[in-house]
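Morning, everyone. Please have a look at the structure on the screen, and I'll walk you through some of its contacts.

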Amino acid sequence: MTIKPFKQGADFEHLRKVLMRETTKGPVPILELFVDVDVMAEITGMDIPIDKATEFIRNFGWSNDPEVVLAGSRIMDLSLAFSQAMGYDYVTLTLLMPLPRTQSQLRENPQQGGKIRAWQNEHRGIITTRKEFEEFPWPATEDIEIFPLDYAASKMPPGMKVVSFWTGIFEDLKLIMGIENMAIKSIKEPDLLNDILERLTILAEVGVGMAAAHPATGAVLYADDMGFNTGTMLSPKFMREYVIPRHKRIADACHRHGKPFIFHSCGHVDALMRDLIEVVGIDARHSFQDNIEPVEKVYRKYHDEISIVGGMDVDLLARGTPEQVRKRTRQILEACAPSGGYCMGTGNSVTNYCKIENYYAMLDETRKWNEEHV
Amino acid sequence: MDKNELLNKIRENVVTGMDDKIRDACRQGLDAGIPAEDILDKALLKGMNEVGDLFSKGEYFIPELLVAERAMKAGIAVLEPELVKKPSKSLGKIVIGTVAGDLHDIGKNLAAIMISAAGFEVVDLGTDVSAEKFVQAAKQNSARAVGLSALLTTTMINMAPIIKALRKAGFKGLIIIGGAPITQGYADNIGADFYASDAVDGARKLKLAVTRQ
């Protein structure tokens with residue numbers, strides 16, 4: 001199958017205007033949280049050890065294995081080549097920070113011809129007690145490594161910017177404590193969670209600030225999964241007390257440099273949307289899954305206040321046909337494109353279990369829509 | 001404290017997740033002559049079901065379910081020596097597991113908690129469970145129902161061959177499925193009897209279906 005790019009060249013300035021709802025004109029841009037390395041490798045034809053690269057990403061660049069570090073260093077080139085090949089306006093890169101997190105377990109999926117997925121340990125965390133918190137090797141803010149942005153700045157084609165990815169404080173809290181342990185401690189020992197969140201926030205404020213200040217950065221994509229299928233993981237009351245005010249500090253660190261702050265969260269987080277809009281001041285929200293809340297519904301509710309990104313259900317991309325994907329793409333665009341403030345993309349990420357032809361159908365149908373309407 | 005007040009106190013300890021206090025409260029209950037099965041039914045399981053209701057109403061969240069379960073288990077541990085003397089009343093056995101290829105189990109574990117609280121005996125097969133293991137366990141335990149869990153689109157496709165294998169092996173009980181990407185439409189397509197949107201929903205649907213049988 002020949003994959004045609006979504007468009008030629010990069011125009012981050014248009015993407016920025018759409019994210020900031022400064023225009024209702026021009027093409028609907030495309031934006032992803034991330035694309036799995038094996039998908040990028042397949043599309044670009046670049047030879048990269050997928051298992052080592054996946055390990056690098058899933059463990060946030062935290063590895064003593066030289067092969068993993070080497071593969072990780074090649075992800076920047078892969079991401080740049082992929083973004084250019086597909087016609088994205090940006091390349092997604094992340095600053096590196098030596099924060100220990102629970103290690104992911106890599107496993108081949110026989111249903112996908114042995115493709116690799118990473119599995120998080122949901123039960124056992126690294127910090128389970130106050131003593132472990134005090135002994136934890138917290139990185140200093142000086143340890144945050146901005147090299148990926150410098151590298152991208154020297155390699156990006158004209159018009160392209162970096163979307164700087166940062167892992168959210170609640171996500172890191174889960175990765176450090178283990179979801180189950182974190183949930184129980186949120187009731188039994190909330191002060192411990194408070195102290196971990198504060199340490200993470202100090203790092204995030206500095207990291208996001210450094211990213212936003214960098215001339216290569218066009219926007220910050222802050223990913224913090226707060227929900228599951230039918231609600232938030234912890235109560236909205238807990239989130240409002242311990243997490244939302246810290247999200248605001250991190251968003252402020254981005255906004256001080258005039259860059260859009262895109263917020264990603266999986267799950268049903270409608271109970272916190274007003275907080276995200278009014279308190280945190282997010283510019284855009286990414287994600288959306290049809291069996292939780294279809295993107296059209298979210299768009300109708302919030303597009304006067306923020307822009308909406310994504311929403312093409314990953315399940316459809318994985319199990320549907322290109323015809324079904326094209327039909328769904330049209331439905332979403334008809335509902336979300338005319339009033340602006342919408343970027344097409346998956347409801348999560350382009351995973352290695354999405355069918356490439358479906359991913360392509362989503363982009364191609366959006367391209368056709370743009371040709372018909374712009 | 002009279003017997004009703006004691007039962008109420010134990011129930012309250014489940015609802016508020018007081019695993020440290022519930023042991024003493026259960027011992028007090030036994031000392032006061034309350035039968036262990038009454039403490040189980042009228043206080044521990046009643047409290048856990050109340051927790052389920054609060055979860056459905058959006059007043060409780062995952063942490064509250066987990067601490068309530070800990071409290072319930074702490075209470076059951078105190079009652080256990082008495083409970084084993086009499087066969088327990090159960091709505092039947094439910095075999096559950098996360099399907100082959102999938103290692104996630106928080107959702108499945110929460111489902112096990114709520115299904116137990118609904119009065120069933122849960123046979124938890126763990127994660128990455130093959131069709132053969134589900135078939136074998138359903139047969140060995142004369143299961144009233146089998147519950148399949150999956151978190152991912154790539155692993156939920158393994159539900160269909162498991163359901164097929166169960167039916168082929170003559171399993172006539174109910175099959176319920178759940179997990180992040182699952183919908184009722186998918187349940188219908190692959191021949192499951194129900195879809196559960198979360199752990200509490202699953203326990204409710206199972207209880208309703210089994211009591212109607």
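Start in chain A, with helix H2, residues 37-44, and helix H4, residues 66-86. Their axes come within 9 Å and cross at roughly 60°. That angle makes H2(A) oblique to H4(A). The crossing of H2(A) past H4(A) is left-handed. Keep in mind that this is a predicted model.

Who meets whom? On the H2(A) side we have A:Val37, A:Met40, A:Ala41, A:Ile43 and A:Thr44. Facing them from H4(A) are A:Ile75, A:Leu78, A:Ser79, A:Ala81, A:Phe82, A:Ala85 and A:Met86. By class, that contact has 10 nonpolar residues, two polar and no charged.

Now the two chains. Here 27 residues of chain A are in contact with 22 residues of chain B. On the chain B side, helix H4 (62-83) and helix H7 (153-156) each supply at least two residues. Which one gives the most to that side? H4(B) does, with five residues. The chain B side divides into 10 nonpolar, nine polar and three charged residues.

Last, inside chain B. Domain 1 covers 3-83 and domain 2 covers 93-212. Their centres, taken over C-alpha atoms, are 26 Å apart. Eight residues of domain 1 of chain B are in contact with seven of domain 2. On the domain 1 side, helix H3 (36-56) and H4 of chain B give two or more residues each. H3(B) gives the most there, with six. That domain 1 side has four nonpolar, three polar and one charged residues.

That's it from me.

Terms used. Residues are numbered from 1 along each chain as its sequence is written. Chains are lettered from A and ligands numbered from 1 in the order in which they are written. This is a predicted model: local features need pLDDT of at least 70, side-chain atom pairs count only at pLDDT 80 or more; totals for chains, interfaces and linings use all residues. Axes are lines fitted to C-alpha atoms, for helices over the stretch in contact, and angles run from 0 to 180 degrees between N-to-C directions. Helices (H or I, at least four residues) and strands (E, at least two) are DSSP runs, numbered from the N terminus. Angles under 35 degrees count as roughly parallel, over 145 as roughly antiparallel, 65 to 115 as roughly perpendicular and the rest as oblique. A crossing is left-handed if the near helix is turned anticlockwise from the far one by less than a right angle, and right-handed if clockwise. Two residues are in contact if their C-beta atoms, placed from the backbone, lie within 7 Å. Ala, Val, Leu, Ile, Met, Phe, Trp, Tyr, Cys and Pro count as nonpolar, Asp, Glu, Lys and Arg as charged, and the others, Gly among them, as polar. Domain bounds come from an automatic or database domain assignment.
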